[in-house]
Amino acid sequence: MSFFNAQEPILRRKQVHLDIQDLQGLIRWRWQVNQQTLVSWLYTRIDQVFLLWGWITGLIFLTPQFFAVSWTDQAILWSALSVAGVAVMTWLAWFWVTVEQLRWLIYLWCELVLVGVALTDYGIFVGSALILANLCALWLGLCAIGYGLMGLGMRSRTFLLMAGLHSLAIPLLSWVPAYQFLLTALVVSGSLFALAELQWDMRPPSESKVLSAEQNSFNQQQQQLRLSN
């Protein structure tokens, strides 16, 4: 038996036959003209988490690239924003990770974000040249670790590829020393926005003890519909 779910491609267009845990908190928007759909957006709460961090990380890394804001002010502002992001992420994703038995994902990313914030703030307030010179590499490395563990724990080739992308971006930083923050924003935020817009692969679904018999039956029916398309 394959470690990965061979029935799913690595990336594809979003599925429309969603499980109970994906339907909760779903944001759906469609723009139609004369009964013809021009734009259709579909964001589950996990997609919303990716969008949330895509905007947060974009703001954090693009600000020092293009604006002259003191490092101290940035440390205070971005620390508060990151902690708020962790809280919102936990609220958005809790039901999904509970049903999927993946609560460790929340603990993993909370720890990585808080470790990164602590090291960044230490480097700024203490004036550590080593940390300040490697802020982008630090965050790319933390993201690579997070995606790598996600890929293994969720049996997802998509997240393993994301881990590889973030790892490969680290040596590229030395090629563009004046644009390290821009490169980091493109990789980190760009990956998050891509994950929000596309369907990624993971292990096959299993019956959840959190859901009722009717809800588990509904999820099984949705799985069959996805396989038939």
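Visitor: Is Leu161 buried or exposed?
Guide: In this predicted model, Leu161 has a relative accessible area of 53%, which is over the 50% cut-off, so it counts as exposed.
Visitor: And where is Leu161, and which patch does it belong to?
Guide: Leu161 lies in helix H7, which covers residues 157-172, and together with Ile10, Leu11 and Leu198 it forms a nonpolar patch on the surface, where the four have about 320 Å² of accessible area together.

Visitor: What about the inside, then: how many residues does the largest nonpolar core have?
Guide: The largest nonpolar core has 49 residues, and those with the most contacts inside it are Trp96, Tyr147, Met154 and Trp200. Helices H2, H3, H4, H6, H7 and H8 each supply at least two residues of this core.
Visitor: Pick Tyr147: what does it touch?
Guide: If we leave out residues up to four places away in sequence, Tyr147 touches Trp109, Phe159, Leu160, Met162, Ala163, His166, Leu192 and Leu195.

Visitor: New topic: which residues meet in salt bridges, and how many are there?
Guide: The count comes to 5 salt bridges, and among them is the one between Arg226 and Asp19, whose closest N and O atoms are 3.1 Å apart. Arg226 lies in helix H9 and Asp19 in the loop between strand E1 and helix H1, so this pair ties together parts that are 207 residues apart in sequence. Both Arg226 and Asp19 are buried.
Visitor: Which other pair links distant parts of the chain?
Guide: Arg157 and Asp201 meet through their side chains in a salt bridge, at 2.9 Å from N to O, and they are 44 residues apart, with Arg157 in helix H7 and Asp201 in the loop between strand E4 and H9. Asp201 is buried, with a relative accessible area of 0%, whereas Arg157 is partly exposed at 23%.
Visitor: Why can side chains pair like that?
Guide: Side chains of opposite charge can pair when their charged atoms come close.
Visitor: And what does Arg12 pair with?
Guide: Arg12 forms a salt bridge with Glu8, at 3.7 Å from N to O. Arg12 is partly exposed, with a relative accessible area of 24%, while Glu8 is buried at 15%.

Visitor: Back to helix H9: is Asn216 buried or exposed?
Guide: Asn216, which lies in helix H9, has a relative accessibility of 6%, so it counts as buried. Its side chain reaches the backbone oxygen of Leu211 at 3.4 Å, and, leaving aside neighbours within four places in sequence, Asn216 is in contact with Glu207, Ser208 and Leu211.
Visitor: What about Gln48, buried or exposed?
Guide: Gln48 is in helix H2 and counts as buried, at 14% relative accessibility. Residues up to four places away in sequence aside, Gln48 touches Gly25, Leu26, Ile27, Tyr43 and Leu92.

Visitor: Last one: which residues other than glycine have a positive phi?
Guide: One of them is Gln101, with a phi of about 55 degrees, and another is Arg155, where phi is near 55 degrees.

Conventions. Residues are numbered from 1 along each chain as its sequence is written. This is a predicted model: local features need pLDDT of at least 70, side-chain atom pairs count only at pLDDT 80 or more; totals for chains, interfaces and linings use all residues. Side-chain values use heavy atoms; hydrogens and water are left out. Patches are made of residues with over 30% relative accessible area and no salt bridge: like charges are joined within 9 Å, nonpolar side chains (Val, Leu, Ile, Met, Phe, Trp, Tyr) within 5 Å. Accessible areas come from the Shrake-Rupley method with a 1.4 Å probe; for residues, only the protein chains shown count as cover. Helices (H or I, at least four residues) and strands (E, at least two) are DSSP runs, numbered from the N terminus. Buried means under 20% relative accessible area, exposed over 50%, partly exposed in between (1.4 Å probe, protein chains only). A nonpolar core is a set of buried Ala, Val, Leu, Ile, Met, Phe, Trp, Tyr and Cys residues joined through side-chain atoms within 4.5 Å. Contact means heavy atoms within 4.5 Å. A polar contact is a pair of N or O atoms within 3.5 Å; within protein, one must be able to donate a hydrogen and the other to accept it, and residues adjacent in sequence count only if both atoms are side-chain atoms.
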